[in-house]
Amino acid sequence: MEPLSGALLFAMGIMAGIINSAVGSGSLLTLPVLLAMGVPPGMAVRTNTIGLMFASVGSAWGFRKEVRAEMPYLKPLIAAAIIGAACGSLLLLFTPTRALNFVIPILIIVALILVLFQKRIVALIGGNVPDENYDDGSPVGEPYKRPGLVGAMGLASVYGGFFTAAQGVIYMAIMGVGTGRSFKAVNPVKNFLSLFVNAVAALVYVIAYFVMGSEILWIGVLILAVGGVIGGLVGARIAKRVSNTFLKGLIVVVAVTALIRQFV
């Protein structure tokens with residue numbers, strides 16, 4: 001790997017860690033760099049997922065206090081995330097990457113609709129409408145156990161294990177609607193569950209590397225891992241200080257960017 005390419009990948013790894021902590025979709029920064037370096041798509045996705053798994057560790061650690069308060073309610077979501085991620089990562093190994101060109105835009109559009117019309121959707125299903133500019137810091141609790149929410153998060157985890165890009169946006173949208181709480185309130189759990197998804201997918205890819213010969217750019221993994229941990233820890237601090245309105249706007253910007261990238 002050329003020094004300039006490595007430096008750019010490292011910088012994007014830091015930025016991806018920050019964005020993943022606050023919103024998700026940091027892969028929109030790192031994947032294009034890997035692809036521009038000439039790394040084949042499947043190999044790039046595997047390299048990116050394993051590398052940014054360490055960013056998820058940094059993000060989850062930064063929100064450890066918030067997650068601890070929610071932990072008694074998260075077992076169903078953790079199970080759904082693990083099962084979904086395993087299915088999605090196995091799917092990537094046996095499915096042509098070009099299939100993403102059809103799936104990704106649909107998922108991102110759905111996520112955008114959930115984010116933009118969260119209040120109306122929550123009101124329609126009879127939930128409490130969240131105040132975007134207020135969060136009392138109290139745990140969300142029981143809503144995390146709702147079967148509909150668990151099922152939707154399981155499907156989102158299949159996508160996360162398959163590709164990861166825009167995973168955080170989709171998670172935030174689903175949990176915001178499913179719990180009726182602000183995006184800032186559900187963000188710590190989003191980061192916690194993303195850690196499970198990325199770890200499971202990374203494990204599947206590493207096993208495939210040894211068993212099936214599925215290629216991974218290990219120097220890229222190392223660079224992304226170091227940059228991602230730094231960005232994840234920094235991003236957790238930033239995410240705690242921004243308003244919910246700002247966070248919602250950032251989600252929309254990242255989601256639209258992800259959508260545009262599918263057609264350019």
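**Close-up views of a predicted model**

**View 1. The largest nonpolar core of this predicted model holds 64 residues.** Leu74, Tyr144, Met153, Tyr171, Met175 and Leu193 touch the most other members. Helix H10, residues 183–211, gives the most to this core, with 12 residues. In soluble globular proteins, nonpolar side chains tend to be buried together.

**View 2. Met153 and its contacts.** Leaving aside residues up to four places away in sequence, Met153 touches Leu77, Tyr171, Ile174, Met175 and Leu193. Among these, Tyr171, Met175 and Leu193 are listed with Met153 as touching the most other core members.

**View 3. Helices H8 and H9 pack together.** H8 spans residues 147–162 and H9 spans residues 167–179. Their axes come within 10 Å and cross at roughly 175 degrees. The two helices are therefore roughly antiparallel to each other. From H8, the contact uses Leu149, Ala152, Met153, Ala156, Ser157, Tyr159 and Gly160. From H9, it uses Gln167, Ile170, Tyr171, Ile174, Met175, Gly178 and Thr179. Nine residues of this contact are nonpolar, five are polar and none is charged.

**View 4. Thr47 is buried in helix H3.** This helix covers residues 41–62. The relative accessible area of Thr47 is 0%. Not counting residues up to four places away in sequence, Thr47 touches Leu34, Ile216, Leu217, Gly220, Val221 and Leu224.

View 5. H2 runs over residues 27–36. Its buried residues include Ser27, Leu28, Thr30, Leu31, Val33 and Leu34. Leu34 is also one of the residues that Thr47 touches. Just after H2, Gly38 takes a positive phi of about 90 degrees.

How values were computed
Residues are numbered from 1 along each chain as its sequence is written. This is a predicted model: local features need pLDDT of at least 70, side-chain atom pairs count only at pLDDT 80 or more; totals for chains, interfaces and linings use all residues. Side-chain values use heavy atoms; hydrogens and water are left out. Helices (H or I, at least four residues) and strands (E, at least two) are DSSP runs, numbered from the N terminus. Buried means under 20% relative accessible area, exposed over 50%, partly exposed in between (1.4 Å probe, protein chains only). Contact means heavy atoms within 4.5 Å. Axes are lines fitted to C-alpha atoms, for helices over the stretch in contact, and angles run from 0 to 180 degrees between N-to-C directions. Angles under 35 degrees count as roughly parallel, over 145 as roughly antiparallel, 65 to 115 as roughly perpendicular and the rest as oblique. Ala, Val, Leu, Ile, Met, Phe, Trp, Tyr, Cys and Pro count as nonpolar, Asp, Glu, Lys and Arg as charged, and the others, Gly among them, as polar. A nonpolar core is a set of buried Ala, Val, Leu, Ile, Met, Phe, Trp, Tyr and Cys residues joined through side-chain atoms within 4.5 Å.
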